[in-house]
Amino acid sequence: MKIEPFAQFAGTHQLENPPSSPELAIEARGLVKRFDGFIAVDGVDISVPRGAIYGILGPNGAGKTTTLRMLLGIIDPDSGYRRVLGTERPTEVARRIGYLPEERGLYPAMKATEAIAFLAALRGVPLKEGRRRGRELLEQHGLGYAADRQIRQLSKGMAQQVQLLGTLVHEPDLVVFDEPFSGLDALNQGKLERMIRSLAERGTTVIFSTHVIAHAERLCDQIAIIAGGKVPFAGPVDAARDRLRPQVRLETRAQDGLWRAALPADARHEGRFWYFTLPESGVEPLLRALIEGDAGILSLSIERPGLHDAFVAIAGEAAARALEESAEQAPEPKGRR
Amino acid sequence: MLRHHFAAAWVVARRDFCAVIFSKTFIFFLIGPLFPVFIGAMAGAIGAQVSRDLDTPVIGIAMPAQDGDKLVAARAGLAPKMAGFVPEYTVLARLEPGERFDARSVLASKGVKGAPQLAAVVTGTLEKPVLTATSERVDQWRGQVALIAAEAGSAGPRTYPDVTADKIATSAAKQHVDLAVTAQAGQVLLFLLTMLLAGMVLSNLVEEKANKIIEVLAASIPMDALFLGKLFAMLAVSLVGIAVWGSVYGALVMFGMKSIPLLATPAVGWSMFLLLGFLYFAMAYLLLGSLFLSIGGMATTVREVQTLSMPVTMMQLMVFFFASYALARPGTWIETASLVFPVSSPFAMLAQAAQSPVLWPHLVALVWQAVWVAVILRTGAQLFRRTVMKSGPARGRRSWFRRPAVAAAR
């Protein structure tokens with residue numbers, strides 16, 4: 001049995017080759033992918049419940065795209081197990097999946113409607129029906145005027161929206177977005193967030209990768225953090241946030257005194273405020289010590305860490321661990337040539 | 001599942017076919033082969049004119065008056081009976097008894113009046129003619145001059161027996177040669193068409209890579225369906241081109257343009273030969289095309305494709321030369337090898353169709369070639385999926401071409 005370092009926070013036991021669950025849209029265990037000796041993905045475990053919005057977070061080069069490509073069957077893992085929509089061969093269920101890659105692209109000479117119909121046809125929708133749905137979707141999303149324009153005549157943002165509609169035209173059960181928010185302005189990012197929510201409301205499973213944490217925090221039911229090809233955390237967003245202790249911001253009248261002894265070791269003074277992690281004993285003993293030490297409390301606030309802080313901490317730890325491991329495994333230098 | 005494969009291939013083929021056929025550049029594709037024909041015709045006409053102007057040699061006569069006239073008359077009488085080219089004879093000088101003529105000086109001087117193409121001079125007498133010319137001309141015309149001089153010197157008109165002609169349609173040796181010529185003509189046409197058209201496939205996947213749509217395609221449909229669709233789309237485009245060129249040629253023939261020299265009827269008959277020619281073209285195209293698609297799939301830029309096009313053309317030439325070489329060696333292991341080797345098989349089998357009436361080997365060959373198309377396509381698609389659809393650096397590159405490890409796996 002293999003237990004992930006932070007599995008207790010996710011509240012799940014992650015087993016190798018577990019029995020498949022009909023409740024899961026995606027199950028992956030121990031996915032490994034090497035490129036010429038370089039390990040891009042190193043034992044990734046992911047469980048995406050049906051109908052969930054699931055985020056894959058990670059810094060650049062963490063292995064997010066490679067993981068998604070393995071889940072979609074674009075590439076095969078060197079080892080590990082994956083099950084997508086109930087099958088271990090994702091290409092068999094390609095018609096039930098919508099995929100928007102990070103590097104967007106359409107045929108520039110195609111008209112917007114034709115581009116959507118083509119993407120629909122690739123997923124088994126008859127061309128005529130694809131054209132009808134394409135026009136309908138473009139109208140619904142305020143792009144009806146662009147229906148007969150060639151892709152090369154559209155702005156980059158509009159072309160991206162056309163591709164997004166092409167990803168959804170066949171009404172997939174599972175939608176995979178790779179960095180969907182990159183290249184979109186704030187208005188269109190908001191629009192995409194609403195679209196993702198409405199997809200989930202209709203029962204579609206949405207999985208997306210991003211390195212912008214705010215989107216994941218607003219949208220996701222669950223996340224997986226990938227760093228250095230590994231998953232140091234997988235589980236609900238709240239569990240990730242709970243990974244860090246709350247932060248205290250304190251303002252006092254007194255500059256010095258006995259109360260200073262009550263501050264934990266990580267306390268730092270910035271301007272008028274003290275910042276430190278809430279001690280494990282809780283806020284009451286701290287308050288008592290501050291009052292008894294004549295701190296003259298002007299204000300005290302306790303802030304729950306955001307997903308951003310949790311991500312930085314978890315990914316940072318994982319990156320540091322990976323660095324240590326690679327330093328241990330690296331051969332002794334033979335001197336400069 | 002197989003139905004899904006073909007449906008996906010059809011979607012790709014339809015998109016590619018329409019994209020090519022309805023592009024503005026397709027018209028240049030159609031008229032492209034007419035340029036060399038037009039330039040060839042122009043060059044041929046000019047060359048023929050130059051040849052006519054420069055290469056109509058004349059033999060000058062410098063003899064006593066009667067001898068010279070007799071020689072010209074004898075030449076006029078004999079020339080129609082003689083095979084090959086007989087130069088015009090013109091009297092340069094009617095010599096008085098004892099008068100000498102410097103033939104060498106006349107030939108060395110430019111622009112002899114009345115004989116600008118003077119190539120040789122005959123002096124002396126009819127009994128003892130002297131031919132002055134360059135070495136090659138002397139070797140070429142010595143016999144002719146002797147014969148014409150003998151005719152001119154004979155006392156009365158000679159009679160020549162009338163040879164009764166008994167013409168036969170062909171002989172075994174001639175038939176063998178004629179069929180070989182038909183076979184070679186078929187091979188040449190097949191080679192020209194495949195060379196002209198199969199190379200287009202080389203750059204076929206670059207568009208998808210440049211437009212970055214390749215990942216969507218790879219996630220939506222099996223890679224071999226993508227390859228299959230692309231290959232058949234380009235085959236269909238090629239067939240449109242051939243149909244147009246064939247129609248233009250047919251129209252030109254109908255409206256009185258000179259036809260190509262008639263070839264001997266192939267052993268399987270013309271209709272079967274044309275049908276087999278069509279099938280072998282399709283197979284040659286699919287075999288070479290699938291190979292080129294696989295090779296071209298590895299290229300990431302148009303520049304890389306351009307670099308690859310030369311070795312690919314050389315490869316096509318080698319295949320053609322191999323099949324042609326085998327044609328001249330019937331019954332040897334070389335012929336068998338050319339029939340079995342998948343890429344040369346269509347060329348070699350078309351030659352067989354011209355020379356042998358047996359049909360069943362063609363069925364076997366077509367199945368064999370189709371199997372190889374499938375094998376190459378599948379291998380190419382898998383190779384493409386393994387080597388191209390990944391984030392990391394390509395296998396086997398030297399370390400200084402490698403991207404940093406962090407960027408390698410996005």
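User: What share of the contacts in chain A with a separation of 6 or more is between residues 24 or more positions apart?
Analyst: It's 72%. Two residues are in contact if their C-beta atoms, placed from the backbone, lie within 7 Å.

User: What sort of model is this, and how do I read the labels?
Analyst: This is a predicted model: local features need pLDDT of at least 70, side-chain atom pairs count only at pLDDT 80 or more, and totals for chains, interfaces and linings use all residues. Residues are numbered from 1 along each chain as its sequence is written, while chains are lettered from A and ligands numbered from 1 in the order in which they are written.

User: How many helices and strands are in chain A?
Analyst: Chain A has 10 helices and 13 strands. These are DSSP runs, numbered from the N terminus: helices are H or I with at least four residues, strands are E with at least two. The C-alpha trace of chain A spans about 80 × 50 × 50 Å along its principal axes.

User: How much of chain A is buried?
Analyst: Buried residues are 42% of its 337 residues. A residue is buried if 20 or more other C-beta atoms lie within 10 Å of its own, exposed if 12 or fewer, and partly exposed in between; the C-beta atoms are placed from the backbone.

User: Which residues have the most contacts inside the largest nonpolar core?
Analyst: Ile116(A), Ile225(A), Leu231(B) and Phe347(B) do, in a core of 149 residues. Such a core is a set of buried Ala, Val, Leu, Ile, Met, Phe, Trp, Tyr and Cys residues joined through C-beta atoms within 7 Å. Helix H11 of chain B (residues 270–298) gives the most to this core, 14 residues. A second, separate core has 19 residues, including Met63(B) and Val122(B).

User: Back to H11. Why does Gly289(B) count as buried?
Analyst: Gly289(B) counts as buried because 30 C-beta neighbours lie inside 10 Å. This glycine is found in H11 of chain B. Leaving out residues up to four places away in sequence, Gly289(B) touches Ala198(B), Val201(B), Leu231(B), Met234(B) and Leu235(B). From Gly289(B) to Phe232(B) is 57 residues in sequence but 9.4 Å in space, C-alpha to C-alpha.

User: And what does Ile116(A) touch?
Analyst: Its contacts include Gly130(A), Leu137(A), Val162(A) and Leu165(A), not counting residues up to four places away in sequence.

User: At what angle do helix H3 and helix H5 of chain A pack?
Analyst: The angle is about 35°, and the axes are 8 Å apart. H3 covers residues 112–122 and H5 covers 156–168. Axes are lines fitted to C-alpha atoms, for helices over the stretch in contact, and angles run from 0 to 180 degrees between N-to-C directions.

User: Which residues meet there?
Analyst: Ala112(A), Ala115(A), Ile116(A) and Leu119(A) in H3(A) meet Val162(A), Leu165(A) and Gly166(A) in H5(A). By class, that contact has six nonpolar residues, one polar and no charged. Here Ala, Val, Leu, Ile, Met, Phe, Trp, Tyr, Cys and Pro count as nonpolar, Asp, Glu, Lys and Arg as charged, and the others, Gly among them, as polar.

User: New topic. In what order do the four strands of the open sheet in chain B come?
Analyst: The order is S2-S1-S3-S4, with mixed pairing. Two strands pair if DSSP finds at least two bridges between them. The edge strands are S2 (88–95) and S4 (129–133), each pairing on one side only. From one strand to the next, the twist averages 25°.

User: How many bridges join S1 to S3 in chain B?
Analyst: Four, and the two strands run parallel. S1 is residues 58–64 and S3 is 118–124. Val58(B) stands opposite Leu118(B) in S3(B).

User: Which helix lies across S1, S2 and S3 of chain B?
Analyst: Helix H4 (residues 65–78) does, at about 145° to S1(B). Helix H6 (residues 135–153) of chain B also packs on the sheet, touching S1, S3 and S4. Its direction makes about 155° with that of S4(B).

User: How many residues of chain A are in contact with chain B?
Analyst: 33 residues of chain A are in contact with 28 of chain B. S2 (38–49), H2 (64–72) and H3 of chain A each give two or more residues to that side. By class, the side of chain A has 18 nonpolar, nine polar and six charged residues.

User: Last one. Is Glu179(A) buried or exposed?
Analyst: Buried, because it has 21 C-beta neighbours inside 10 Å. Its phi is near 45°, a positive value in a residue other than glycine. Glu179(A) lies in the loop between S6 and helix H6 (186–201) of chain A.
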